[in-house]
Amino acid sequence: MDNATPHERNASDGPRAFHEPHASDEAITSGTASADPRRISRKGLLKAAIVAGAAPLLAGGGVALARDAAPSDGGALLAPTPQCDDGDDTTPPQMEGPYFKPDSPRRTSLVTPGTPGVPLTVSGYVFGRACRPVSGALLDFWQADTNGSYDMAQYAFRGHQFTGADGAFSLTTIVPGLYPGRTRHIHVKAQAPGGRILTTQLYFPGEPRNNTDALFDPRLLMNVRSVGNGRQGTFDFVLDVAQTPGPSDPPTDPPTDPPGGTWAPGTSYRAGDRVTYGGVAYRCRQAHQSLTGWEPPNVPALWERG
């Protein structure tokens, strides 16, 4: 276990709250994300740019956006993961609960090949209020095992990590078990370098207990899908960190009549090429072969307005 830095030691702050007894597991229900009918947020565009180089398309042909609205148990659209467009919609806090332990080991995987339970990966990004990625952010996770028990003697299903330069994180674990009074959830503390600690919980869509858990908050739902015999979840954190918008922010009055024609998939574009899409002008930032799903407003890593 690593020696805790001041940045890590701060993550142990927070009150103990309620007692969570154990219980046997229930059937695992996964949810699938539906498209947010509203416009794509700046955070969504920035994330699309970040993921474009590594894994731009899913089976459905779209970029994975963790703030997309997910269907509730009744079929109604939920509010999306809090966005950072207007500077005040940060990820909601939640109570710490009685099972937090400081000084968790630094690791991105909480399991070994023989660990029982349904495999789960949780990935996403940490943003500040200006929609810029937060590098070096601390994320400290803890959860119950597949039987709904927390390890208080050692550090099973506990671990912390730091986001990379692009604000990304990835956690390998299992789907946590259930115990009386709570729906399925994962605890996390998030902290930008030198910033305040956000203590919160992540939830699974489609869980029957979401309707009866007094702490459940739909704004903290992950997007979860089944992959093979496991699950993949995504979530983006928005921390209360003031930031200066970067150079990728569009100008107020972009030109609208570039000479390069209309953007089209299957076209080889070079850096500096200019196109229009949706009546807006864009300039190519790096050479690439265009694909459906990589339309200019979706991938600012490849296109900038102007």
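Student: What is the mean pLDDT of the chain?
Tutor: This is a predicted model, in which local features need pLDDT of at least 70, side-chain atom pairs count only at pLDDT 80 or more, and totals for chains, interfaces and linings use all residues. Residues are numbered from 1 along each chain as its sequence is written, and side-chain values use heavy atoms, with hydrogens and water left out. pLDDT is the predictor's confidence in each residue, from 0 to 100. In this chain 66% of the residues reach 70 or more, and the mean is 75.

Student: How many contacts beyond near neighbours in sequence does the stretch 50-79 have in the model?
Tutor: Start with residues 29-43, where pLDDT stays under 50 and the model has 48 contacts beyond four places in sequence. A contact means heavy atoms within 4.5 Å. Where pLDDT is low, the predicted coordinates should not be read in detail. Residues 50-79 are also below 50 in pLDDT, and their count is 71.

Student: How many helices and strands does the secondary structure come to?
Tutor: Both are DSSP runs numbered from the N terminus: helices are H or I with at least four residues, strands are E with at least two. The chain comes to 14 strands and two helices.

Student: What is the strand order in the open sheet of four strands?
Tutor: Two strands pair if DSSP finds at least two bridges between them. Strands E3 (158-162) and E6 (197-203) each pair on one side only, as edge strands. Pairing in the sheet is antiparallel, and the order is E3-E2-E5-E6.

Student: Which residue in E6 stands opposite Lys 189?
Tutor: Strand E5 covers residues 185-191. E5 and E6 pair in the antiparallel sense over seven bridges. Opposite Lys 189 stands Thr 199.

Student: Which residue takes a positive phi in the hairpin of E7 and E8?
Tutor: Strand E7 (residues 223-227) pairs with strand E8 (residues 230-234) over five bridges, in the antiparallel sense. Asn 223 stands opposite Thr 234. The hairpin has two residues between the strands, and the positive phi, near 60°, belongs to Gly 228.

Student: How many residues does the largest nonpolar core have?
Tutor: A nonpolar core is a set of buried Ala, Val, Leu, Ile, Met, Phe, Trp, Tyr and Cys residues joined through side-chain atoms within 4.5 Å. Buried means under 20% relative accessible area, with a 1.4 Å probe and protein chains only. Val 122, Val 126, Leu 139 and Phe 237 have the most contacts inside this core, and its residues come to 29.

Student: Which strands each supply at least two residues of this core?
Tutor: Phe 237, one of the residues with the most contacts inside the core, touches Val 126, Leu 139, Phe 169, Val 188 and Leu 198, among others. The strands asked for are E1 (119-127), E2 (138-142), E4 (168-174), E5 and E6.

Student: Is Cys 131 buried or exposed?
Tutor: Cys 131 is found in the loop between E1 and E2. Phi there is near 70°, a positive value in a residue other than glycine. Because its relative accessibility is 2%, Cys 131 counts as buried.

Student: What is the relative accessible area of Phe 157?
Tutor: Phe 157 lies in the loop between E2 and E3. Phe 157 is not a glycine, yet has a positive phi of about 55°. Phe 157 is buried, and the value is 9%.

How values were computed: Buried < 20%, exposed > 50% of the residue type's maximum accessible area, 1.4 Å probe, protein only.
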